[in-house]
Amino acid sequence: MKTLLLALLGTAIFCQPVFARPRSDLDMELVEGAKKEKKLVFYTTMDLPQSIEVVRDFVQRYPFLGLELHPLEAETLVKRIQDEARSGMSTWDVLLGGGGFLQPLLEANLIVSYLSPQREAVSDALNDSEGYWSGYYINPYVLGYSTTSVKEDEVPKKYDELLEPRWKGNRIAIDSEAHGLLRGLAAAWGEDKAVAYLKRLADQQPVMARASIRAVDSLHTGNVSMVIARAPVIQGYKKKLRSPIDWISLEPTVAQIDAVMLSAQSPHPNAARLFVDFLLSKEGQSGLAGVQHIPVRRDMEPRSKPVVQGHQWFVERPDRHGNFQETVGMFREIFKLQ
């Protein structure tokens, strides 16, 4: 399992010698420019298996590009990007993720506006009007559970049911970076009620695991019975590793928009724009189906589980975090995180 975690949190480089398929609607200027650049560096908060699913078709379509993939946690990514900018040695081209890292990068002029023609198929509510980010998928927090240790009729259907005595004492794992859960519940219930609820949840002595991948791994290995984490990570374990786990969505369903952004100091600007166009295209969005993400294009039907549909949703835009650091601090204080 240690090997698995290292692989999921590592770096991958893709260079596939296959023939590209011709398309009449390609921006040939971008393609020719990308051919000269020969490379693309992609930073993302998605884990490695999900990222591979998403970029596979792009690599096959443009085999002249070597795609260097860096799946990292949000805070690590922001620090790396800031450190690179200070050293004058920026290496990344495209960033995909959610959370609160948009604002500090925008304030430091580290991302640049790009109005991809594919944005026309994306709802205005999921796009930045000035082009600094474009929504790529909607990422919900859900409740995962072990189908071997939790009976179907025992699975909590409401947030309050997680506070029952039987779930106390290392029975639940929580993504320690799930700050969005606090913000979403605060929007739904008001801050006082949301904070009070999470404090009671913290009294259940949950296992706090850094990043969804580690939280879900603790469920996969049988160390906990349930997990609060992002749906695509849970689905990835269920599908790829045939793990005996499943998930449901609690109402209100808290989710965030994970967005794609372009580096203002991109070493490979043509390849970067080509990649953004692909990610937002119908073909690029179809790669999300395999990892259970919810696409943002109006002309695509989500393949979310029926239990998610019809719920009250609170979807957070990357540019409307309010005081992100204050929320992070409050979340850490509630769960006694260092």
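Analyst: Just after helix H9, Arg242 takes a positive phi of about 50°; the model is predicted. H9 itself covers residues 231-240, and its buried residues are Ala231, Pro232, Val233, Ile234, Gln235 and Tyr237.

The peptide bond that joins Glu251 and Pro252 is cis, with omega about 5°. Most peptide bonds are trans, and most residues other than glycine have a negative phi.

S11 (residues 253-263) is the strand to look at. Because 11 of the 11 residues of S11 are buried, the strand is largely enclosed by the rest of the structure. Its pairing can be followed partner by partner. Strand S6 (residues 134-146) runs antiparallel to S11 and is joined to it by 6 bridges; here Tyr137 stands opposite Asp258. Strand S4 (residues 94-97) is also antiparallel to S11, with 4 bridges, and Leu95 faces Met261 across that pairing. Strand S13 (residues 313-316), by contrast, pairs with S11 in the parallel sense over 4 bridges, and Val315 in S13 is the bridge partner of Ala255.

In the loop between helix H5 (102-107) and S5, Asn109 has a positive phi of about 55° although it is not a glycine. With a relative accessibility of 58%, Asn109 counts as exposed. In the loop between S6 and strand S7 (172-175), Asn170 likewise is not a glycine and has a positive phi, about 60°. Asn170 counts as partly exposed, because its relative accessibility is 47%.

A side chain to check is that of Glu84, which lies in helix H4 (residues 74-87). Glu84 is buried and has no salt bridge. The nearest side chain of opposite charge is that of Arg80, 4.9 Å away, whereas a salt bridge would need a nitrogen-oxygen distance within 4 Å. The Glu84 side chain does make a polar contact with the side chain of Tyr43, at 2.7 Å. Leaving aside residues up to four places away in sequence, Glu84 touches Tyr43, Met89, Ser90, Thr91 and Trp92.

How values were computed
Residues numbered from 1 in each chain as written. Predicted model: local features only at pLDDT ≥ 70, side-chain atom pairs only at ≥ 80, totals over all residues. Heavy atoms only, no water. Buried < 20%, exposed > 50% of the residue type's maximum accessible area, 1.4 Å probe, protein only. Helix = DSSP H or I, 4+ residues; strand = E, 2+ residues; numbered from the N terminus. Lys, Arg positive; Asp, Glu negative; His and termini not counted. Polar contact = N/O pair within 3.5 Å; in protein donor to acceptor, adjacent residues only side chain to side chain. Contact = heavy atoms within 4.5 Å. Pairing = 2+ DSSP bridges.
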